[in-house]
Amino acid sequence: RMFHDDELEESEKFYVGQPRVLLLIYALYNTLVARSEMVCYFVIILNHMISASMITLVLPILIFLWAMLSVPRPSKRFWMTAIVYTEVAIVIKYFFQFGFFPWNKHVDYTKDKPYHPPNIIGIEKKEGYVHYDLVQLLALFFHRSILKCHGLWDEDEKGDSSSNKEDTDDELSLPGGRRDSSASLKSVNLAASVESIHVHFPEQQTAIRRKSSSSTSQLSHRSSFSSHRSKRGKYIFKNINHTTLSLYFLQCKLCVSKSHCGLCCFRTLQVYVPIRQFFYNLIHPDYSAVTDVYVLMFLADTVDFIIIVFGFWAFGKHSAAADITSSLSEDQVPEAFLVMVLIQFGTMVVDRALYLKKTVMGKVIFQVILVFGIHFWMFFILPGVTERKFSQNTVAQLWYFVKCVYFGLSAYQIRCGYPTRVLGNFLTKSYNYVNLFLFQGFRLVPFLTELRAVMDWVWTDTTLSLSSWICVEDIYAHIFILKCWRESEKRYPQPRGQKKKKVVKYGMGGMIIVLLICIVWFPLLFMSLIKSVAGITNKPLDVSITITLGGYQPIFTMSAQQNQLKSLDPNEFNEFLRSYRGNTAALQFLEGYAREDITRADLEGNSNSLWTISPPSRNKMIQGLLDFDADFTYEIFDFSLFSRTLEEVYPYYIKAPSDSLAKPIKQLLRGMSPDHGQQSMWENITVSLVKNGSEEGAREWWVLNQLGKRQKTPQESLELFIFSDKVSPPSLGFLAGYGIMGLYASVVLVIGKFVREFFSGISHSIMFEELPNVDRILKLCTDIFLVRETGELELEEDLYAKLIFLYRSPETMIKWTREKT
């Protein structure tokens with residue numbers, strides 16, 4: 001060993017011998033120290049999500065537009081700004097907690113109003129108003145202490161003092177010069193006299209700029225730049241002194257002359273020039289650690305898209321109890337859902353276009369627009385739309401947090417720069433089962449593959465037509481799938497002449513057999529189990545009886561609700577079943593119903609409406625009754641105009657299906673039973689017409705009474721048993737509504753068509769499917785992507801023609817796909 005120390009070895013042994021819990025605590029602390037910067041960002045964003053005020057809005061915007069864009073790390077000025085701003089915010093919130101302010105006298109009335117000015121600003125009176133601010137300040141001081149321990153807190157000032165002050169002069173004159181963000185404010189003092197600098201060295205600056213642009217080595221650029229500085233160092237010191245004195249003279253002159261316009265212009269330049277230089281250096285860096293986090297940004301946008309779809313009610317007004325499925329089934333598209341989905345999808349398309357064009361400037365502009373736009377929408381517009389504060393909207397808070405993750409990834413992408421080559425799909429980087437199934441799932445999403453192919457063709461420089469582009473993409477996807485299968489065959493080889501194992505045959509084959517059987521018998525199994533196992537009892541809420549005779553005025557109307565609708569108790573239900581002992585048809589019918597599915601309705605015998613019929617119609621109805629025999633069917637029966645008993649005319653048991661009108665149950669009303677024998681079991685009723693004379697004239701109404709009631713009541717009444725069918729749960733109602741034949745036509749036949757395509761027509765694709773080795777074809781597709789990215793468009797045409805010829809020539813395909821020897 002090159003270095004040996006007994007104390008270090010003893011320390012290492014002592015550390016390894018500690019308990020695992022203590023080692024875990026050490027590891028967590030080291031992780032916290034290594035990611036203290038991210039901890040500060042997280043606490044600031046969490047504080048803003050909970051407070052949702054203008055006071056806490058400043059720091060999140062500074063994080064995404066300053067801190068995360070700083071190279072290589074946020075400067076001391078940012079952390080001091082965050083610390084001082086947090087301290088000032090705490091003092092302001094504390095000052096406005098006193099009760100003598102007018103808005104603090106009605107806190108309970110105004111605390112939930114989103115547009116109440118103190119709530120918007122963040123100075124409202126509330127408990128725990130400063131808890132998260134103190135945690136934020138603690139995190140900032142913790143990060144500050146870590147930077148000081150590692151000597152990074154004063155790194156910017158040391159760099160400025162040790163690198164000769166003439167660097168600021170040259171870097172200001174050179175647009176491509178990289179400086180630390182902490183030195184940006186110092187360049188303001190030199191910006192006022194930038195004309196004098198250009199006057200002294202116009203030719204030399206131009207020469208340096210051209211040399212740096214034409215040079216391919218960053219090292220040569222740095223060396224030439226430093227040698228040029230050393231030659232004219234003394235003159236630059238004189239120029240800086242003169243510039244500083246002239247700037248002080250200008251400031252004194254502005255103060256003496258009281259020129260407010262000049263002072264305002266100077267202050268504006270003092271703020272504008274560092275910001276402009278910061279973003280200019282960001283877009284034109286000396287060095288860039290190229291990275292590609294587009295996949296993570298796309299996943300963050302996808303999660304936000306899913307949150308919008310399943311939590312759309314959180315972005316609209318009076319829609320907290322809404323359901324997107326019911327809204328779409330009624331052909332109603334909520335406005336909030338439509339706006340949020342279109343905006344989210346539009347940003348994903350724009351982000352894809354910027355990624356394909358590799359334009360950092362466009363990404364910076366898009367980042368600035370999104371940061372300001374999203375924060376303005378979420379914290380100023382959305383609370384007014386939903387009429388509730390952002391801190392009370394959990395779904396919106398979750399959406400905003402995921403969007404903050406996207407902002408952080410975007411800032412990292414801007415800081416590092418876009419990759420120079422974008423080759424293929426991110427799922428095709430390795431050849432295993434995970435990538436295979438994920439890639440096939442990606443291709444199964446409707447319109448996603450087509451949309452991606454068209455967008456790539458639009459925003460990528462190429463000489464291929466759209467059809468040729470899609471042809472290359474399809475060939476590449478097909479070859480990638482074959483490559484994954486060939487790799488799996490290499491990992492799990494099958495010896496020659498050995499039969500397939502029973503595990504493989506019964507595992508794969510048995511699963512396919514079970515799957516096909518389930519598909520074939522799915523409608524029958526589904527419809528039988530949906531109501532018996534997962535069915536919901538559908539109790540009637542209202543039972544109405546209307547008796548009419550021909551086309552004349554109804555003679556009897558009555559309804560039963562609430563207390564008049566009763567369920568059977570266990571004793572009544574058992575007695576009801578015993579009454580049909582020996583009746584096979586009735587018992588078979590009763591097997592499909594439980595006790596809670598049967599409802600007894602008690603209807604009053606007196607009609608709830610008077611019998612108002614004109615004398616001519618009355619005489620005509622009497623004459624018609626004398627012409628034919630008495631007959632009673634569900635709603636029509638013959639009767640005596642005064643009092644009469646009608647035998648076996650009343651349907652005592654009624655079935656209430658979920659999809660049709662109620663009808664009598666023939667199995668219970670007719671059949672063989674010990675009590676009734678082989679006869680009809682329809683009940684007898686008595687009908688009578690009651691007349692009541694008064695000063696206003698004679699009034700008539702009908703009274704009906706059932707004779708064979710199970711519940712013996714002295715007053716005239718009717719008794720009715722309703723058997724209610726179970727209904728499917730709402731979540732499966734869209735499938736149950738099709739019925740058995742509908743499921744066979746819409747589900748089984750469609751699935752069967754796809755299965756048939758898998759088992760038939762294989763012979764036509766053998767020459768493209770059975771390829772022993774696809775490495776050469778895969779390399780040819782990758783070469784097409786590579787020359788396209790490097791701008792060799794003529795070579796792209798040649799390679800594409802070679803690929804097409806390969807698929808047109810079976811002999812050449814055989815030579816290209818042979819196993820390597």
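Contact is taken here to mean heavy atoms within 4.5 Å. The structure is a predicted model, in which local features need pLDDT of at least 70 and side-chain atom pairs count only at pLDDT 80 or more, while totals for chains, interfaces and linings use all residues. Residues are numbered from 1 along each chain as its sequence is written, and side-chain values use heavy atoms, with hydrogens and water left out.

The secondary structure of the protein chain consists of 36 helices and 14 strands; helices (H or I, at least four residues) and strands (E, at least two) are DSSP runs numbered from the N terminus. Of the 821 residues in the chain, 39% are buried, where buried denotes under 20% relative accessible area, exposed over 50% and partly exposed in between (1.4 Å probe, protein chains only). Among contacts between residues at least 6 apart in sequence, 73% join residues at least 24 apart.

Helix α17 (residues 294–310) comprises 17 residues and reaches 24 Å from its first C-alpha to its last, close to the 24 Å expected at 1.5 Å a residue; the expected span is 1.5 Å times one less than the number of residues. Buried positions in α17 are Y294, M297, A300, D301, D304, I307 and I308. Seen down the axis of α17, these buried residues fall within an arc of 145°, so they line one face of the helix; the arc is that of the directions from the helix axis to the C-beta atoms. The buried residues of α17 pack against α19 (335–357), α20 (360–386) and α21 (394–416).

Pockets were identified on a 1 Å grid over the protein atoms alone, a pocket being an open set of points where a 1.4 Å probe fits, with protein on both sides within 12 Å along at least five of seven lines; lining residues have an atom within 4 Å of a point. Grid points are joined across faces, edges and corners, and a volume is the space filled by probe spheres set on the points. The largest pocket has a volume of about 1,400 Å³. Of its 28 lining residues, Q440, I481, W485, F758 and E769 are the closest to the centre. Two or more lining residues come from each of α22 (433–444), α24 (466–491), α32 (739–759) and α33 (766–769), and α24 gives the most, with 9 residues. The lining divides into 14 nonpolar, 7 polar and 7 charged residues; Ala, Val, Leu, Ile, Met, Phe, Trp, Tyr, Cys and Pro count as nonpolar, Asp, Glu, Lys and Arg as charged, and the others, Gly among them, as polar.

The second largest pocket has a volume of about 1,100 Å³. It is lined by 49 residues, of which R352, N425, F442, L448 and R452 lie nearest its centre. Helices α17, α19, α22, α23 (448–458), α24 and α34 (775–789) each supply at least two lining residues, and the lining has 30 nonpolar, 6 polar and 13 charged residues.

Several individual residues were also examined. I519, in helix α25 (residues 502–520), touches V748 and I751, residues up to four places away in sequence not being counted. The C-alpha atoms of I519 and Y744 are separated by 9.5 Å, although these residues are 225 apart along the chain. The peptide bond from V71 to P72 is cis, with omega near 0°, and P72 is placed in the loop between α4 (54–67) and α5 (76–95). A positive phi of about 55° is found at A52, which is not a glycine; A52 lies in the loop between α3 (36–51) and α4 and counts as buried at 17% relative accessibility. E387, in the loop between α20 and α21, likewise has a positive phi, near 60°, and is a residue other than glycine. E387 is partly exposed, with a relative accessible area of 43%.
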